Amino acid sequence: MTKADILIIGAGATGLMAAVTLAKAGKMVIVLEARNRCGGRIHTINQGLFFKDTELGAEFIHGDLPVTLSLLKEAGIAFDTASGEMVHYKNGKFNNDEGVEGWDLLMQKLKTIDKDISINEFLDREFGSEAYHDLKNSVRQFAAGYDSADPDRGSTFALRNEWLNDDEDAQYRVKGGYVKIVDYLEDRIKNAGGSIFLNSAVKEIKWKPGYVKVITNDGVVYGAGQLLIALPLGVLQADKDQLGALTFNPQISEQMAAINQMGFGAVIKILLEFDEPFWIDKQTELQAGKNLENMIFLLSDEEIPTWWTQTPDPSPVITGWLGGPPAAAKKDVPDEEVLRQSLQSLSNIFKRNIEDLKAKVVASRIVNWTNDPFTMGSYAYDTVNASAFREILKQPVDNTLFFAGEYLYDGAAMGTVEAALTSGEEVAKKMIPK
Ligand SMILES: Cc1cc2nc3c(=O)[nH]c(=O)nc-3n(C[C@H](O)[C@H](O)[C@H](O)COP(=O)(O)OP(=O)(O)OC[C@H]3O[C@@H](n4cnc5c(N)ncnc54)[C@H](O)[C@@H]3O)c2cc1C
């Protein structure tokens, strides 16, 4: 049995940040990672000819986020502003977003509710009339698309916090990809004497106060005095017979009940590289009434509704995004079919023959994170009363089992790399005796 002071399960942003903090404090740390790479939901690929520094998972820094930006500064990693025009396409044509009827009333009602309820309950209660059909659809699409949330479970309070605190900060992309942060953290762990073992999917955690024994799928056993569980919520919620899922012995019923009541969304990210950025041409200019050279986001009512470009970089890569319940419903749809639906959506929006578009694709990648055994979803969203469940999970179990992850972060940057880094650092500091 290999022994350490502290074992960490999961080498995503959370686990790596925690490992750096603990190793620097002199703890002997071992990180166990199921995949053959670190980073988890951060996964930058660089195929040489195509998809240069392309993000299969996290892509943006959503604002001036302190932990991420200070890490980039410390590591000397550059980042670019990701800005451009938001373009809308609905009912067969490009249009200016003139808003939907009832939006101001929605904001007023959001300000006055005093008890948290689900988004759908709120919409049905306050906006029952048929006149608000479009309004309700817009809210549900936002919750599903941006927060990857199920509106039947998502919290109205969380939606309110998000919308009323929307500070329109700039967004950024890491030069060379988010993987640069992963590489930097990995180096720091190793330089501080910590170890990372890849291809080590943990299956079972046996524990008693002050002692843990962790067993991998291959039967390898590790021991330590404390354990940090830095896994995605989707993996923690999974049925125990699934690859990636793990068991606790003895069980931790209160923590598992909290885990199961929290929200973890679904997402499919679609990457298409064309032989040229075909959306910047005369035909589209005539159709849209403007040149789309500066377009960053394209929001539509197509099957794959959200698209974005690499603007201001003039790249021929366009990224599709499907979040929330529609992505969950496509969990087992084959990649070729999702690719077909993606091209059909682009064909409808840009009025191109689908076969012509297909012929222009030079590289494609469908990333169905909900179907990935070591993620099983996208990122966390707040369900009703989620803060109470977070509080339960933030308390260590007998000073032996600790949880950390983007889902345990309280703040506006929920579900992000910032949330993961912050949670990892905070929990690691709790594990270091004063
Ligand atoms: C498609 C997509 C796009 C996103 N876009 C953005 C964005 O633009 N900006 C942003 O800030 N955030 C974004 N996010 C969210 C962000 O990626 C995550 O919040 C963050 O990376 C989570 O880090 P983590 O360490 O908590 O979890 P993870 O990165 O999931 O790390 C957990 C690790 O645990 C490992 N693991 C799982 N099961 C086991 C097991 N049984 N044994 C051992 N190891 C195991 C996994 O392989 C993984 O490496 C996006 C996420 C997705 C899926």
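Strand 5 and strand 9 (residues 172-174) run antiparallel and are joined by two bridges. Strands here are DSSP runs (E) of at least two residues, helices are DSSP runs (H or I) of at least four, and both are numbered from the N terminus. Two strands count as paired if DSSP finds at least two bridges between them. I61 has Y172 of strand 9 as its bridge partner. The model is predicted: local features need pLDDT of at least 70, side-chain atom pairs count only at pLDDT 80 or more, and totals for chains, interfaces and linings use all residues. Residues are numbered from 1 along each chain as its sequence is written.

Angles run from 0 to 180 degrees between N-to-C directions, and axes are lines fitted to C-alpha atoms, for helices over the stretch in contact. Contact requires C-beta atoms, placed from the backbone, to lie within 7 Å.

Strand 7 and strand 17 pair in the parallel sense over five bridges. E85 stands opposite M295 of strand 17. Strand 17 also pairs with strand 18, in the antiparallel sense and over three bridges. These two strands form a hairpin with five residues between them. L298 has W307 of strand 18 as its bridge partner. Strand 18 (residues 306-308) is in turn antiparallel to strand 19 (residues 317-323), again over three bridges. Here T306 stands opposite W321 of strand 19.

V333 lies in the loop between helix 11 (325-329) and helix 12. V333 counts as partly exposed because it has 16 C-beta neighbours inside 10 Å. A residue is buried with 20 or more other C-beta atoms within 10 Å of its own, exposed with 12 or fewer, and partly exposed in between; C-beta atoms are placed from the backbone. V333 and N368 are 35 residues apart along the chain, and their C-alpha atoms are separated by 9.2 Å.

In helix 14 (residues 386-394), the buried residues are A386, F389 and L393. They cover an arc of only 65 degrees around the axis, so they sit on the same side of helix 14. The arc is that of the directions from the helix axis to the C-beta atoms. Exposed residues S387, A388 and E391 lie on the face turned away from the buried side. The cover over the buried residues includes helix 9 (253-261), strand 15 (263-264) and strand 22 (401-403).

The axes of helix 9 and helix 14 come within 9 Å and cross at roughly 145 degrees. In helix 9, E254, Q255, A258, I259 and Q261 meet F389, I392 and L393 of helix 14. The residues of this contact divide into five nonpolar, two polar and one charged. Ala, Val, Leu, Ile, Met, Phe, Trp, Tyr, Cys and Pro count as nonpolar, Asp, Glu, Lys and Arg as charged, and the others, Gly among them, as polar.

Note on methods: Two residues are in contact if their C-beta atoms, placed from the backbone, lie within 7 Å.
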